Amino acid sequence: MKWLSDDKLAHLLGVVGTKYAFVKELGRGGMGTVYLAEDRELDRLVAIKVLSAPEVTDDLRRRMIREAQIIARLEHPGIVPVHDAGTLPDGRIFYAMKYVRGSRLDEYTAQGASLNDRLRKFQAVCDAVAFAHAHGVIHRDLKPQNIMIGSFGEVLVMDWGVAKIREDPCQSAVYNTSDGTIIGTRDYMSPEQARGEIEIDERADIYSLGAVLKFLLNDQKVGKAAKAISAKAMASVPGDRYASTAELSADIGRLLDAESVSAYRENALEKTWRWTAKNRFLVLLVLAYLVMRIFLIFTSRR
Amino acid sequence: MSKPLLGVVLGAILGAIDGLTAWFEPAVRNQLGGIVFGSTIKGIIAGVAIGFFAKKFHSLPIGILFGVLVGAFLAFLVALMQGGYYLQIVLPGSVVGLIVGFATQKYGNTPAAVN
């Protein structure tokens, strides 16, 4: 099949069949190209992902449709919603999703986000991924480049193109690793994914989340607890990781609340220090009381 | 822990500690038992008042201010009965009220509204 240039595509999108008017190209991935387009019926901007690969097979087509179906089934504030899906005049499959204004997580951190902000965003990512896991979907390619921070601070997990649905009878026909294909991005990929193992589960995503957390903590001054959370999530043996994304999210919540985390066992001194830091105003009040008492004792003896 | 209960517990503990410091005052050391008892009761009364206030008004600065005023007022009554030691009684009493006022606002639980 001969592919159309962006100009021709723009023309077709603008005049034939669809309700979308091409605006510009946003990016290209392994399977598709994402365009910014205008939905002329609803008068809003959308992002359209169009299947574009050097060789388009039936498998790729099915995979693209499946990607749209996966995202559509995951209705969650942390997962970019799909508005529409269909076929372009030249036969290419596409789906339209919300156009997210904002920056990718790696760009967001480069703008100097504070540690607490980073942890809150990370927790929101965990919650979105936990939702997907609860619906039997494993993302398999979590990385800062696939996480968008919207202009109002909302967090959206993107690019579900290589996601796996657990117990999906169509899975093997569509996109699995039965042929040993390695899916994911090396720096964020779990060891079992890197080995091309077929049977991976939610813990592969937990590993990737640990790697994302490590990236977020990279240039920050953090305590042992934060590092321990990342290390536990990134344990090489899946059984040593958090059992669920919700557990990982809960530990991040505890870290934000200056409470003890399950990934790190504190000694008495660290516990006292953390409690003092958390309740510093109360500690100051008690100290002030003691100082005043000592002062009164000495002055009354004169 | 609910705000009134936290106020009572904290008021009693801090009141007792406050009373125990009278041991450092040789002139009143022989009355230590009575002072500790009176100070604990004063702490409990202050704790109840501050705790119930915290339950009604959710404001840290106002809660602290109320704590200081209640602590100072009750301590003043005690000093009045003692006929002296105003500074030694009113100042610590005010700070104890301040601590209870802060703690009840900050750490006390507010029960969820029931429809």
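Start where the two chains meet: the contact takes 11 residues from chain A and 11 residues from chain B. On the chain A side, nine of the residues are nonpolar, one is polar and one is charged. Keep in mind as you look around that this is a predicted model.

Three strands make it up, in the order β6-β8-β9, and it is an open sheet with antiparallel pairing. At the edges you'll find β6 (102-104) and β9, each pairing on one side only. Going from one strand to the next, the twist averages 25°. Strands like these pair through backbone hydrogen bonds.

Now zoom in on β8 (residues 147-150) of chain A, which pairs with β9(A) in the antiparallel sense over three bridges. Which residue of β9(A) is the bridge partner of A:I149? Select A:V155 and you have it.

Show the helices again and look for α4(A). This helix lies across β8 and β9 of chain A, running at about 40° to β9(A).

How do α4(A) and α7(A) run relative to each other, roughly parallel or roughly antiparallel? The axes of α4 (residues 115-134) and α7 of chain A come within 11 Å and cross at roughly 170°. That is over the 145 degrees cut-off, so α4(A) and α7(A) are roughly antiparallel. To see the contact itself, show A:R118, A:F122, A:V125, A:C126, A:V129 and A:H133 on α4(A), then A:E202, A:D205, A:L209, A:V212, A:L213 and A:L216 on α7(A). Colour them by type and you get eight nonpolar, one polar and three charged.

Two loop residues come next. Go to A:D159, in the loop between β9 (155-157) and β10 (164-165) of chain A. A:D159 isn't a glycine, yet its phi is positive, about 55°. Is A:D159 buried or exposed? It is buried, because 22 other C-beta atoms lie within 10 Å.

Then jump to A:A258, in the loop between α9 (245-256) and α10 (268-278) of chain A. A:A258 also has a positive phi, near 55°, and is a residue other than glycine. With 12 other C-beta atoms within 10 Å, A:A258 is exposed.

Last stop: chain B. Select B:H58, in the loop between α2 (32-56) and α3 (60-82) of that chain. B:H58 is exposed, with 11 other C-beta atoms within 10 Å.

Technical notes: Residues numbered from 1 in each chain as written. Chains lettered and ligands numbered in written order. Predicted model: local features only at pLDDT ≥ 70, side-chain atom pairs only at ≥ 80, totals over all residues. Contact = placed C-beta atoms within 7 Å. Nonpolar A, V, L, I, M, F, W, Y, C, P; charged D, E, K, R; others polar. Helix = DSSP H or I, 4+ residues; strand = E, 2+ residues; numbered from the N terminus. Buried ≥ 20, exposed ≤ 12 C-beta atoms within 10 Å, placed from the backbone. Axes fitted to C-alpha atoms, helices over the stretch in contact; angles between N-to-C directions. Parallel < 35°, antiparallel > 145°, perpendicular 65-115°, else oblique. Pairing = 2+ DSSP bridges.
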